[in-house]
Amino acid sequence: MSDFNLFPPDENLLPYDGVVNDYGVIFSPSEADRYLQILLHDIPWQHDEAVMFGRRIVTARKVAWYGNRNFTYTYSSISRTALPWNDTLLALKQAVEQHIAAVSPTVFNSCLLNLYHHSGEGMAWHSDDETSLTPNAAIASLSFGATRKFAFKHRSSGEKRDLMLQHGQLIIMRGETQRHWLHAVTKSSKVSEPRVNLTFRVMRV
């Protein structure tokens with residue numbers, strides 16, 4: 001396991017076939033606490049759904065989808081329509097764009113939010129490579145709440161890289177990361193506190 005959090009933000013954390021940059025914790029503890037409470041209470045969370053082997057599965061994890069307009073985003077064979085930005089998400093989007101501007105200047109037009117109530121909830125191996133997303137555009141991942149393990153696995157070699165995402169931490173995935181690497185939020189029985197993750201994205205327009 002690699003402790004990615006010790007690397008400077010302009011250094012690539014993947015060994016090949018993609019780029020991941022870690023900006024560390026970008027908010028003070030009080031700011032991160034305030035954003036977490038707003039997100040937990042003001043977002044209209046809904047249980048995520050997926051179609052597996054022809055059956056519709058409802059997850060314990062909850063999600064919300066926002067964008068510049070009513071983008072339709074389809075993954076796991078379920079389509080979602082974006083809600084309009086609120087002031088909190090716009091402020092977070094601006095903060096993320098400012099932090100990554102020197103390395104990967106990007107204007108995001110959408111955001112998928114995930115709420116994990118505890119570490120018994122996670123996300124299986126997947127990549128964010130849906131055709132509705134702009135290919136190779138940066139995806140920024142911002143975390144609030146409990147520290148959770150975020151893992152990468154190369155599609156061909158099976159090589160893995162792990163990092164622990166902390167309260168207020170920002171990473172970006174860019175280049176050909178989604179083509180060559182899967183990622184996951186691993187489950188455990190050690191954490192009872194919630195985690196909210198925001199992934200800012202660029203939809204095709």
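Biologist: Let's start with strand β7 (residues 110-116) and β14: in which sense do they pair, and over how many bridges?

Modeller: This is a predicted model, so read everything here as computed. Strands β7 and β14 pair in the antiparallel sense, over seven bridges.

Biologist: Which strand do six bridges join to β14?

Modeller: That's β9 (residues 139-145), and β9 and β14 also run antiparallel. On this side, alanine 140 has phenylalanine 200 of β14 as its bridge partner.

Biologist: How many residues of β14 are buried?

Modeller: Seven of the seven residues in β14 (195-201) are buried, so take that as under 20% relative accessible area for each.

Biologist: And how do I read which way the side chains of β14 point?

Modeller: The general idea is that side chains in a regular strand alternate between the two faces of the sheet. In β14, Arg195, Asn197, Thr199 and Arg201 point one way, while Val196, Leu198 and Phe200 point the other way. Both sets are buried, arginines included.

Biologist: Now the open sheet of four strands: what is the strand order?

Modeller: The order is β8-β13-β10-β11, with antiparallel pairing. Strands β8 (123-126) and β11 (160-165) are at the edges with a single partner strand each, so one side of each has no neighbour in the sheet. From one strand to the next, the twist averages 15 degrees. Inside that sheet, β10 (residues 148-154) and β13 (residues 181-185) are joined by five bridges, and phenylalanine 152 stands opposite histidine 183 in β13.

Biologist: Is alanine 124 buried or exposed?

Modeller: Exposed: alanine 124 sits in β8, and its relative accessible area is 59%. The cut-off for exposed is over 50%, so alanine 124 qualifies. Leaving out residues up to four places away in sequence, alanine 124 touches His183 and Ala184.

Biologist: Zooming out, how many helices and strands does the protein chain have?

Modeller: Three helices and 14 strands. The radius of gyration is 16 Å, close to the 17 Å that the globule rule gives for 205 residues, so the chain is as compact as a globular protein of that length. Its C-alpha trace spans about 40 × 40 × 35 Å along the principal axes. Buried residues make up 49% of the 205.

Biologist: What share of the contacts with a separation of 6 or more comes from residues 24 or more positions apart?

Modeller: They account for 73% of those contacts. As for surface, the chain exposes about 9,800 Å², with carbon and sulfur atoms supplying 51% of it.

Key. Residues are numbered from 1 along each chain as its sequence is written. This is a predicted model: local features need pLDDT of at least 70, side-chain atom pairs count only at pLDDT 80 or more; totals for chains, interfaces and linings use all residues. Side-chain values use heavy atoms; hydrogens and water are left out. Two strands pair if DSSP finds at least two bridges between them. Helices (H or I, at least four residues) and strands (E, at least two) are DSSP runs, numbered from the N terminus. Axes are lines fitted to C-alpha atoms, for helices over the stretch in contact, and angles run from 0 to 180 degrees between N-to-C directions. Buried means under 20% relative accessible area, exposed over 50%, partly exposed in between (1.4 Å probe, protein chains only). Contact means heavy atoms within 4.5 Å. The radius of gyration is taken over C-alpha atoms; the globule rule is 2.2 Å times the number of residues to the power 0.38. Accessible areas come from the Shrake-Rupley method with a 1.4 Å probe; for residues, only the protein chains shown count as cover.
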